[in-house]
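Have the 3D view open while you read.

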Amino acid sequence: MSGSASPLGGTPSANDRRRRLFGSIFAITCGAATLVGVLALVVLLADVLRDGLPRFDWALLTNFASRFPERAGVKAALAGSIWILGLTALFAFPVSVAAAIYLEEYAPRNRWTRLIQLNIANLAGVPSIVYGMLGLAVFVRALGFDRSIIAGALTLSILILPVIIIASQEAVRAVPDSIRQAAYGLGATRWQVVSSQVLPMAMPGILTGTILALSRAVGETAPLIMVGAVGFIAFTPTGLGDPFTVLPLQIYNWISRPQADFQQIAAAGILVLLSLLMAMNAAAILLRNRYQKDR
Amino acid sequence: MSSPGTDDLSFKRARNVKEQVIGSFLFLSAAVSTLVTVGIVAVLFTETVAFFRAVSPVDFFTGTEWTPLFQNPRFGVLPLLSGSFLVAAGAAVVAIPLGLLSAIFLSEYSGPRLRGVLKPLLEILAGIPTVVYGYFALTFITPLLRTVLPETDVFNAASAALVVGIMIVPTVSSLSDDALRAVPKALRQGAYGLGATKFEVSTRVVVPAALSGILASFILGISRAIGETMAVTIAAGNMPNLTLNGLESIQTMTAYIVQASLGDTPHGSIGYQTLFAVGMTLFVITLAMNVLSQWVMARFREEYQ
């Protein structure tokens, strides 16, 4: 900006042309940088599709893991992932929503509340493998759940706890205060205000946040390795105490084998995992759209 | 209240009891999150203390060899630390320019429709499971690197760094974008009024005004890169190696934890304790970076009305 700008109507000076040229180059660079990210996504998907599509068939879903790549499938892993998904939702959802309601609607605005809030923000940044160590020491060893589904589900529940709490708090905060005041004005108690006014209005936002957090849990590998999920299981789990595997772990198990055939089945497994995640995200988007229409 | 007169008081009392029970339940739920933190610290601390009874902290923090599961074990954590930092540094070199430039493009150059397409696309990158990035690194990026630089190992830090860099682009771009968009329009208009070009407005007015948020996003992105586990385990190998050469096989702290817990590390053994000593190191580093990121955000925030 140091140069003299051309007076209105005059011919642009060399300096002006240079500044405009810089501007164009910069704009193109920024656009290109954005495209690099998008391109990486496209290449990644193309890579997985190219390797995995030939093996992406019905037999993949109905076969168990096998030493022979041509017979290997994701049945046990898919069942394990669905078990984990259901149980994690069951454990994490009520506690997280209750915590969010407490923080937004009940908690006094004091130092302790700020501390809890800060703690939740920091928990959200703890690497997932550290949660695995907590799960290993507490659920697997101390509580004696051993290498079971329930140990895995509890570990992932505490992993996504902060994520759901933060999303639910935002949803609760977005409910206009006038609604609360109107309900209080009619003599409602705090819980009546929350349960009959605030929660129903915040629920779509809470559910969207929960589904997105759960899709993170479904994609997690490291914490489940810590709590002892294994890569080779030839049965579907029947109860909370059963050993289990999940899709990402099965995929990791296949990736770490040197044979090219297992790389292909790993790619096919990735396609199953991505399909599951896409279905969950589609559900979240549908919820969000419905919510926006209602407003 | 339309309660039938006589029972008014007991009704109110019952209602109050119910309110209090619910209030306590909600409070306990919020307390769970604090319990989780206490649990993490307690577990890491206990096992780490047990570990330091057997191994001197000096050896741990200054030793250059990490062979804890060997016959003649050495417990120098430096190779793991250097592995983590090598990958994180490489990832930062990829993610910081890409993330910041993307954020500037999204916030300053793209209209609402283009932005509405590009931003969700970038955010998909953040939702892809890390094991998938590991696959991508191993089957796509590594072969590519090996054709360009044939001396590259099959497992190497560069491939992991590239893929982790891509993975954290959305962290950097999303948070930087938020920071850029929080800069008031009036500041931009003022600069335009003085005859600045869009480039000048973006780089000399908007970016400096949003600098606290941008720096915080960098720190948070690097912290994520250090804590990243599966992609580095798959792509970078399991060879504790004190090196700055990204083409060699290395091992990060996270990859060691995975490797050791896949193997046989009985409870109470020194191998089991190394998990927690390394985990504690990882936890302290990432926590420090997250706190630093929050501090930068709060301390250097420019307040606008």
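## What you are looking at

Keep in mind that this is a predicted model.

## Where the two chains meet

On the chain B side, 74 residues make contact, and they meet 71 residues of chain A. Putting chain B and chain A together buries about 6400 Å², with carbon and sulfur atoms giving 77% of that area. Within chain B, the residues that lose the most area to chain A are Glu19(B), Leu26(B) and Tyr135(B), together 11% of what that side buries.

What about the polar side of things? Between chain B and chain A there are 12 residue pairs in polar contact, counting pairs with both residues at pLDDT 80 or more. Quite a few helices of chain B supply at least two residues each to the side that touches chain A, among them helix 1 (8–54), helix 3 (78–109), helix 5 and helix 12 (270–299). Helix 1 of chain B gives the largest share of that side, with 19 residues.

How many salt bridges are there between chain B and chain A? The count is one. Glu200(B) pairs up with Arg19(A) in a salt bridge, and their closest N and O atoms are 2.8 Å apart.

## A helix with a kink

Helix 5 of chain B covers residues 130–148, which is 19 residues. From its first C-alpha to its last, helix 5 reaches 25 Å, close to the 27 Å expected at 1.5 Å a residue. Look along helix 5 of chain B and you will find a kink of about 40°, centred on Ala137(B).

Ala137(B) is also one of the buried residues of this helix. Others on the buried list include Val131(B), Tyr133(B), Phe136(B), Leu138(B), Ile141(B) and Leu145(B).

## Salt bridges around the model

Over all chains, the structure holds 13 salt bridges. Arg19(A), the partner of Glu200(B), also forms a salt bridge with Asp16(A), this time with the closest N and O atoms 3.4 Å apart. Arg19(A) and Asp16(A) sit three residues apart in helix 1 (residues 14–52) of chain A, about one turn of the helix. Both of these residues are buried.

Elsewhere in chain A, the side chains of Asp51(A) and Arg50(A) meet in a salt bridge at 3.0 Å, N to O. Which of the two is buried and which is exposed? Asp51(A) counts as buried because its relative accessibility is 14%, while Arg50(A) counts as exposed because its value is 54%.

Over in chain B, Arg74(B) and Glu65(B) join side chains in a salt bridge at 3.1 Å, N to O. Arg74(B) is partly exposed, at 41% relative accessible area, and Glu65(B) is partly exposed too, at 40%. There is also a network of salt bridges in chain B, linking Arg115(B), Lys119(B), Asp177(B) and Asp178(B).

## A buried serine in chain A

Ser96(A) lies in helix 3 (residues 75–106) of chain A. With a relative accessible area of 0%, Ser96(A) is buried. Its side chain reaches the backbone oxygen of Ala92(A) at 2.5 Å. Leaving out residues up to four places away in sequence, Ser96(A) touches Leu161(A), Ile164(A) and Ile165(A).

## Ala157(B) and Glu248(B)

Ala157(B) belongs to helix 6 (residues 157–181) of chain B and is buried, at 2% relative accessible area. Its contacts beyond four places in sequence include Leu86(B), Val87(B), Ala236(B) and Glu248(B). Ala157(B) and Gly237(B) are 80 residues apart in sequence, yet their C-alpha atoms are 8.0 Å apart in space.

Glu248(B) is in the loop between helix 10 and helix 11 of chain B. This residue is partly exposed, at 27% relative accessible area. Besides Ala157(B), Glu248(B) is in contact with residues including Asp153(B), Phe155(B), Asn156(B) and Thr243(B).

How values were computed:
Residues are numbered from 1 along each chain as its sequence is written. Chains are lettered from A and ligands numbered from 1 in the order in which they are written. This is a predicted model: local features need pLDDT of at least 70, side-chain atom pairs count only at pLDDT 80 or more; totals for chains, interfaces and linings use all residues. Side-chain values use heavy atoms; hydrogens and water are left out. Helices (H or I, at least four residues) and strands (E, at least two) are DSSP runs, numbered from the N terminus. The expected span of a helix is 1.5 Å times one less than its number of residues. The bend at a residue is the angle between axes fitted to the seven residues ending there and the seven starting there. Buried means under 20% relative accessible area, exposed over 50%, partly exposed in between (1.4 Å probe, protein chains only). Contact means heavy atoms within 4.5 Å. Buried area is the accessible area (1.4 Å probe) that two parts lose on being put together, summed over both. A salt bridge is a side-chain nitrogen of Lys or Arg within 4 Å of a carboxyl oxygen of Asp or Glu. A polar contact is a pair of N or O atoms within 3.5 Å; within protein, one must be able to donate a hydrogen and the other to accept it, and residues adjacent in sequence count only if both atoms are side-chain atoms.
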